[in-house]
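Please open the structure in a viewer and follow the selections below in order.

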Amino acid sequence: MSLEGIRIVVLSVFYNTKNLLYPLYMSFKRNAGLSKYDFVVYDNSDKMDKKVITLPSQMSSIKLVNINPAKLVKDIPAYNGSAKHTKTIDMALNDLKGRYDFCILLDSDVIITSDISRYIKKMVQEDYTLCGYHDVTSNRNLIHPCAMIINLNHINKHNIHFYDRSRMYGVPPTKDTYDTGMSFYEDVVKNNLKVLEIPYNAYSSHFGAGSRDYKTAGKVRVGEIYRDLNLWLDKFKIYYN
């Protein structure tokens, strides 16, 4: 089937990660299998030297929204990066309301490796609301927000939001563990909307924790393991260089 007439937007929220914009954007452009889409980046970096201030000519079509995180997260503890990220996504989805049919939500530390259009086609044909990897553990139950496709018409119709202050860990009075996107997925399920589950790296590679402020030569602590961001970028450079 053709996606002619389907309005698609790619959304990524950045936090001190301007070095990851090129691999994300160029890998999407080359491998996603889509010809018509808008690409929007919301940058809530808290350090001016980390801001995506200018865009190279090959990325001039990106819409860049620089926001003030201090104003955005007045009710969120300073240390709670997940809540900041979640609230920024919610604000962005609200801004995109009514203008697009589908949103491809991607973390900044993602590289697109294969066709995405096949999943959007399936969502259109079979009326799915979400598509992504179903991440279930003892305290997590969500579609992983690193790479998620959202039917915007569905969530707008059912008034589903990505951020709910009453269900966000570390934000009083919430006591339960609600990670990024967990309340969103919970509301999709409560409304009996369909979710298309796919493998974790079905069309992308996700570094994980790339948006943290690493201090030494591209090294980031992920759980108990140190992974090298630069080695990851080098490994997957065939998809964006």
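Begin by selecting Ile104, which touches Ile8, Val9, Val10, Leu11, Phe28, Leu34, Ile116, Ile120, Met148 and Ile149, residues up to four places away in sequence not being counted; contact means heavy atoms within 4.5 Å. This is a predicted model, in which local features need pLDDT of at least 70 and side-chain atom pairs count only at pLDDT 80 or more, while totals for chains, interfaces and linings use all residues. Residues are numbered from 1 along each chain as its sequence is written, and side-chain values use heavy atoms, with hydrogens and water left out.

Next, display the largest nonpolar core, which has 41 residues; Phe28, Ile104, Leu106, Ile116, Ile120, Ile149 and Tyr203 touch the most other members. Such a core is a set of buried Ala, Val, Leu, Ile, Met, Phe, Trp, Tyr and Cys residues joined through side-chain atoms within 4.5 Å, where buried means under 20% relative accessible area (1.4 Å probe, protein chains only). Among the elements that each supply at least two residues of this core are strand E1 (8-14), helix H1 (21-31) and strand E4 (102-107); helices (H or I, at least four residues) and strands (E, at least two) are DSSP runs, numbered from the N terminus. H1 gives the most to this core, with five residues.

Then move to the other core, which lies apart from the largest one and has 28 residues, including Ile89, Ile160, Tyr185 and Val188.

Finally, select Asp135 in strand E7 (residues 134-136). Asp135 is buried, with a relative accessible area of 11%. Beyond its neighbours within four places in sequence, Asp135 contacts Arg140, Asn141, Leu142 and His144.

How values were computed: Buried < 20%, exposed > 50% of the residue type's maximum accessible area, 1.4 Å probe, protein only.
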